[in-house]
Amino acid sequence: QVQLMESGGGSVQAGGSLRLSCAYTGSPSCMAWFRQAPGKQREGLGTINLSGITTYAESVKGRFTISRDSSKTTLYLQMSSLKPEDTGTYYCAARRPGRIGCQYDYAMDYWGEGTLVTIPS
């Protein structure tokens, strides 16, 4: 019902910026960005609901911005002031239509395959 595909990953110097995209199909009620650093568990970064209201993890608040272009059925993660600790595989995720609530620690029903972001020290 919902399919997701991330793109835009790459290597960026510390202090730089990068924008990730997540093309989606269907009508998810909530979308989110996660990342997973090597050897660590997956970390929720933030969410955006159908009304465009966003939430962010404290670790990325002020540096990362989540947005959505419904006409292009694409979710974005704009990252700035990147740090080496931002390195990891970034995933977009979504909750199925009809689910209530939009927080990164809520259950996600759909996941993309991930895109790698590397910030050298």
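User: Which residues does Arg 35 touch, not counting residues up to four places away in sequence?

Analyst: In this predicted model, Arg 35 touches Gln 41, Arg 42, Glu 43, Leu 45, Ser 59, Val 60, Phe 64, Glu 85, Asp 86, Thr 89 and Tyr 90, with residues up to four places away in sequence not counted. A contact requires heavy atoms within 4.5 Å. Arg 35 itself is placed in strand β4.

User: Why is Arg 35 called buried?

Analyst: The term buried applies under 20% relative accessible area. Arg 35 has a relative accessible area of 7%, and it is therefore buried.

User: What makes the pairing of the side chains of Arg 35 and Asp 86 a polar contact?

Analyst: A polar contact needs a pair of N or O atoms within 3.5 Å, one able to donate a hydrogen and the other to accept it. The side chains of Arg 35 and Asp 86 are joined at 2.7 Å, so the pair meets the distance cut-off.

User: Is Ser 29 buried or exposed?

Analyst: Ser 29 has a relative accessible area of 10%. Since the cut-off for buried is under 20%, Ser 29 is classed as buried. Ser 29 lies in the loop between β3 (18–25) and β4 (30–36).

User: What lies 2.9 Å from a polar atom of the side chain of Ser 29?

Analyst: The backbone oxygen of Arg 96 is at that distance from the Ser 29 side chain.

User: How many helices and strands does the secondary structure of the chain come to?

Analyst: The chain has 0 helices and 11 strands. Read along the sequence, the pattern is accordingly β-β-β-β-β-β-β-β-β-β-β.

User: Why does the radius of gyration agree with a compact globule?

Analyst: For 121 residues, a compact globule would have a radius of gyration near 14 Å; the chain has 13 Å, so the two agree. The C-alpha trace spans about 40 × 25 × 25 Å along its principal axes.

User: How far apart are the mean positions of the positive and negative charges?

Analyst: The mean positions of the 12 positive and 9 negative charges are 3 Å apart.

Terms used: Residues numbered from 1 in each chain as written. Predicted model: local features only at pLDDT ≥ 70, side-chain atom pairs only at ≥ 80, totals over all residues. Heavy atoms only, no water. Helix = DSSP H or I, 4+ residues; strand = E, 2+ residues; numbered from the N terminus. Rg over C-alpha atoms; globule rule 2.2 N^0.38 Å. Lys, Arg positive; Asp, Glu negative; His and termini not counted. Charge placed at Lys NZ, Arg CZ, Asp CG, Glu CD. Buried < 20%, exposed > 50% of the residue type's maximum accessible area, 1.4 Å probe, protein only.
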